[in-house]
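Good morning, colleagues. I would like to take you through one structure today, beginning with the place where its chains meet. Please look at the display before I continue.

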Amino acid sequence: MIKTLVFKILRDLRLVLFVTTTLLCLFQIFWAKIMERILAQLAPFFHGMAGYSGIEIADMEKVVFDGPGKLMRTFIGGDSVDLNNAMDMFSVGYIHPLVQTILCIWAIGRAAGALAGEIDRGTMELLLSQPVGRGAVIIAHLIVDAITIPIICLSLWLGSAVGCMLVAPLTLKDYDNMIQPMKPLQIELGVAGLQFKVRDITVGKSPPKIEAGKGKLELRPMDFGGAMLAVASLLFSITGVTMAISAFGRFRFRVLGISVFVVLIMFLTNVIGQVWEPFSILRPFTIFYYYQPQPLILGKPWMVTYSEWNAGKPLVHVPFLMVLFGLGGFGYLLAGRIFSQRDIPAPI
Amino acid sequence: MLLETQALTKRYGAFTALDALDMRIDQGEVFGLLGPNGAGKSTALRLILGFLKPTSGTSTIAGHNSWSDGVRARKKIAYLPGELRLYENMTGRQLLDFLSGLRGRPVRPDLQKIASHFDIDIDVPLATMSSGMKRKVALLLVLDPYADLIIMDEPTNTLDPTMREILLDEVREARKRGQAVFFSSHVMSEVEAVCDRVGVIRKGKLVFSEKMVALRTGRQVKIKLPSDGPISELDGLNLVWRRERFLHLEYSGTLDHLMAWIARVAPEDFSVEPMGLEGIYRKFHGEPQ
């Protein structure tokens, strides 16, 4: 029975799933091309400038991305992203607002239609007049999530892998012309008829030689696999929350509106909290605080520390995946509880 | 006993949609529930199907509680909703396959034959069908030979007269197969035509329930008396209303006793008609004419 229901739901979702996965895959390929171009222009600039001026790259980035630039950096992943590192920059493709928007549209749209949508269309009555338990409907949707979420994740990974193949090996545009050995300065001063010559003053140092596709320009498509867990956890958590709202609802568009409002508020709270310190204490209350694909790609700890609640010092280490999967699971449990106890109203 | 409700009640705040419904339907019985819009017919059906949680009371189908053991209860039921909503992205056949799959059994073997009888093409997408055609597809679903109880909410809505007759024939066939049928309707003629028992619901309360046999043997008597005086009594004769010399009575008993009584009263004018449903329905829902 559940199998029949699962196949039916998948059948209903197939077109939207195809569009979603295609968009995400194409975006990752497109992002690879964009990143290739940005890296080729940005990295030589930072390396060159840093080398010649003797300032550390990190310090230069700090100046460039402080103030108005901070907002942009927030959008692309915060301080953890090294703008000269190809893998770091490619990982931005997983937190890009467009990607998050597509993921949220999928999760909210699917879950809002799952229960409230069927009630709204009146087909829930047809479904529940069969020997189908309300819990079975929820379980069927859970199984559909277990099938569709990995497909969406794989589409993202496929896009990244194809993108990497298209741009590899990465090379830095005109970089070789910039790294000519520095000539010592020859200064001649004339003071009161006396001539002074200062020779061989050297400021800074020559920028390092960077090999194509090596070091910070190395691309490792398999490393993006880790991000799939983060994407899956984000999708599952939003689906779970929306499913719970959907279990209460009667009208699909009302549920859609409420869910979009909730998710949008969380998204904005997280973004504002990143750029405006006093607001940061609210970030842990948002789903997006826990959506961190970059540590999974870059091999950093999979933890959130709640430092926002402890004057910037780690308060407690919690695996962010656990929070999101837990939230999704809780949403489903709540949806099951509500849906099994509520009246199914007649279609209007 | 296939279906039994005991003091089945549904309240929405201060409003009582269904008030202590007590009824039972046996195997092979056709029960018609009459009542105007908002009387509580659909609420009763929806409680029996487990769509609504009763405020109090119980409904059981073959011993299974409609709310707490709904899956087992609904295994016994085929249901036709009043407001028909189907999966429009499917063809009729896909819908039948899907719903049969949910019931864990193959589609009825005579599907094509019945579809031809109903004059519908089940391979056409439901989205392109008229409301009458969709209703026919739904009837294919509900006239399930495997169901013990067929529940239909105003089944003849949007059906043409030919299809209405076919449906009533199918209800009779279902009864012959030993299936019970429970349907709500506004149309008294179709209830009279096929029902073994009829109930009248008014403001959420079942105000009348009787076997059709009794209704068919009962008579309504209208007489115009020669004077304004009292009338003699007769066993089985009940006064419904009186306006001066005009009387409306109901009678259940032998016809010769009635005719003898009329002869004694010596009315200026009189009529004797089978009781039928109309009189019963008017009694609860309409003003006497």
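Between chain A and chain B there are two salt bridges, a salt bridge being a side-chain nitrogen of Lys or Arg within 4 Å of a carboxyl oxygen of Asp or Glu. One of them joins Lys10(B) to Asp343(A), and the closest N and O atoms of that pair are 2.7 Å apart.

Let me state the basis of these values. This is a predicted model, in which local features need pLDDT of at least 70 and side-chain atom pairs count only at pLDDT 80 or more, while totals for chains, interfaces and linings use all residues. Residues are numbered from 1 along each chain as its sequence is written, chains are lettered from A and ligands numbered from 1 in the order in which they are written, and side-chain values use heavy atoms, with hydrogens and water left out.

To return to the interface, 19 residue pairs are in polar contact between chain A and chain B, both residues being at pLDDT 80 or more. A polar contact is a pair of N or O atoms within 3.5 Å; within protein, one must be able to donate a hydrogen and the other to accept it, and residues adjacent in sequence count only if both atoms are side-chain atoms.

Which helices of chain A each supply at least two residues of the side that touches chain B? They are helix 1 (2–53), helix 5 (97–121), helix 6 (123–128) and helix 12 (320–341). Helices (H or I, at least four residues) and strands (E, at least two) are DSSP runs, numbered from the N terminus.

In total, 30 residues of chain A and 28 residues of chain B take part in the contact, where contact means heavy atoms within 4.5 Å. The area buried between the two chains is about 2,600 Å², and carbon and sulfur atoms give 56% of that area. Buried area is the accessible area (1.4 Å probe) that two parts lose on being put together, summed over both.

Chain A as a whole has twelve helices and four strands. Of its 348 residues, 51% count as buried, meaning under 20% relative accessible area, with exposed being over 50% and partly exposed in between (1.4 Å probe, protein chains only).

I turn now to the strands of chain B. Strand 1 (residues 3–12) pairs in the antiparallel sense with strand 2 (residues 15–25) over seven bridges; two strands pair if DSSP finds at least two bridges between them. These strands of chain B form a hairpin with two residues between them, and Gly13(B) in the turn has a positive phi of about 65 degrees. Tyr12(B) stands opposite Phe15(B) of strand 2. Strand 1 of chain B is also antiparallel to strand 4 (residues 56–61) of chain B, over five bridges, and there Thr5(B) has Ser59(B) as its bridge partner.

Two residues of chain B remain. Is Leu140(B) buried or exposed? Leu140(B), in helix 5 (residues 131–142) of chain B, is buried, with a relative accessible area of 2%. Beyond residues up to four places away in sequence, Leu140(B) touches several residues, among them Leu96(B), Arg108(B) and Phe118(B).

Ser185(B), in strand 8 (residues 180–185) of chain B, is buried, with a relative accessible area of 2%. The side chain of Ser185(B) reaches the backbone nitrogen of Val187(B) at 2.8 Å and makes a polar contact with the side chain of Glu190(B) (2.8 Å).
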